[in-house]
Amino acid sequence: MTATILLTGGAGYIGSHTHVALVAAGYRPVILDDFSNAAGDVPERLARISGTEPRVWRGSVLDAALLDEIFAVERIDAVVHFAARKAVGESVRMPLEYVETNVVGLVTLLKAMRAAGVFRLVYSSSATVYGVPDRLPIPEDAATGFTNPYGYTKLAGEQLLEQLAASDPRWAFGVLRYFNPAGAHGSGLIGEDPRDVPNNLMPYIAKVAVGELPELRVFGDDYDTPDGTGVRDYIHVEDLAEGHVLSLAALMRDGRGHLVNLGTGCGFSVLQMLAAYSEACGRRLPHVVVPRRAGDIAACWADPSRAAELLGFRARRGIGEMCASSWAWVSRRQRN
Ligand code: UFG
């Protein structure tokens, strides 16, 4: 029987790519999204990619009555929970809203799941829970912490799931700590689509490439890294999406939870990413070095071995593919 999977935030960047991967793997995904950070035409784009009309509920994970209705109508078997706020700087200004959406939203969802007898959930966590990493590459048993309200909510969510799993053996959680998602779907039909000036490196470079922003501002070139700029573990969003399918499959198979990093195990600097994107778009993209951004760390990359061992997960796509697919997506979106 085809398992039905509720994707909260399923019209967003990672959610939409996971929708495609779930359909390809034979699941029946159902989207719940309030479209606060997703374009209204994502469902029709998903239909074009997968050849099947997506099921979409418009609303919030804070709406308990709506959640009860979805669980009753759709006969959900498991949940992949993306719906959350994710901008570090904004979280510093709006801690209440971050706790509300990310923590209260999770609690509301878990209560609806329990009422419906659904006990399997894949949780979007982040390498942000490592705070300032105490070693590189970062294994899952590294110390955790947070440096802003966003990080606080992600870690609080993880800890809540841990307590819940300890309270009742029916619960099984796949906790996925993402490193830096990048790139877009190979079709060029879906990708990251930030509403405002992007905070993150890759969407910012993309806007420079299409001419919407004049130049990349490189936040510091005096870090203790090979070229002085920040180093991160960029992971292609299609690899990340496949990680969710593997996590879900593991939960459905053995009913045991897991907590894993999703990264490549390789770090690339800001200037390396800019060079890779310049190559993808065929133009040397301009940059200017400005002071360090408050709260940034020098380097961060994953030890991906636990995800390989437990889930059979391996990121297959490199930074060339990340930049080429991003460029295909943004240049096409600009024309449409
Ligand atoms: N950077 C620039 N210029 C920019 C934007 C970023 O030089 O305009 C640099 C940053 O200083 C950093 C690197 O590019 O060295 C990556 O920055 P991002 O903002 O893209 O990503 P971060 O690693 O800072 O943060 C990301 C997510 C967070 C998450 C964190 C840890 O945005 O949500 O990874 O997992 F918490």
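**Close-up 1. Surroundings of tryptophan 171 in a predicted model.** Contacts of tryptophan 171, apart from those with neighbours within four places in sequence, are made with Leu110, Met113, Arg114, Val118, Phe119, Leu164 and Ala165; contact means heavy atoms within 4.5 Å. Tryptophan 171 belongs to the loop between α6 (149–167) and β6 (172–178), where helices (H or I, at least four residues) and strands (E, at least two) are DSSP runs numbered from the N terminus. With a relative accessible area of 6%, tryptophan 171 is buried (under 20% relative accessible area; exposed is over 50%, partly exposed in between; 1.4 Å probe, protein chains only). Its C-alpha atom is separated by 6.0 Å from that of arginine 120, 51 residues apart along the chain. Residues are numbered from 1 along each chain as its sequence is written. In this predicted model, local features need pLDDT of at least 70 and side-chain atom pairs count only at pLDDT 80 or more, while totals for chains, interfaces and linings use all residues; side-chain values use heavy atoms, leaving out hydrogens and water.

**Close-up 2. The open sheet of seven strands.** The strand order is β3-β2-β1-β4-β5-β6-β11, with parallel pairing; two strands pair if DSSP finds at least two bridges between them. At the edges, β3 (55–58) and β11 (258–262) each pair on one side only.

Close-up 3. Four bridges join the parallel strands β1 (residues 4–8) and β4 (residues 78–81). Isoleucine 5 stands opposite alanine 78 in β4. Helix α6 packs on the sheet and touches β5 (120–126), β6 and β11. Helix α1 (residues 13–24) lies across β1, β2 (28–33) and β6.

Definitions and conventions: Axes are lines fitted to C-alpha atoms, for helices over the stretch in contact, and angles run from 0 to 180 degrees between N-to-C directions.
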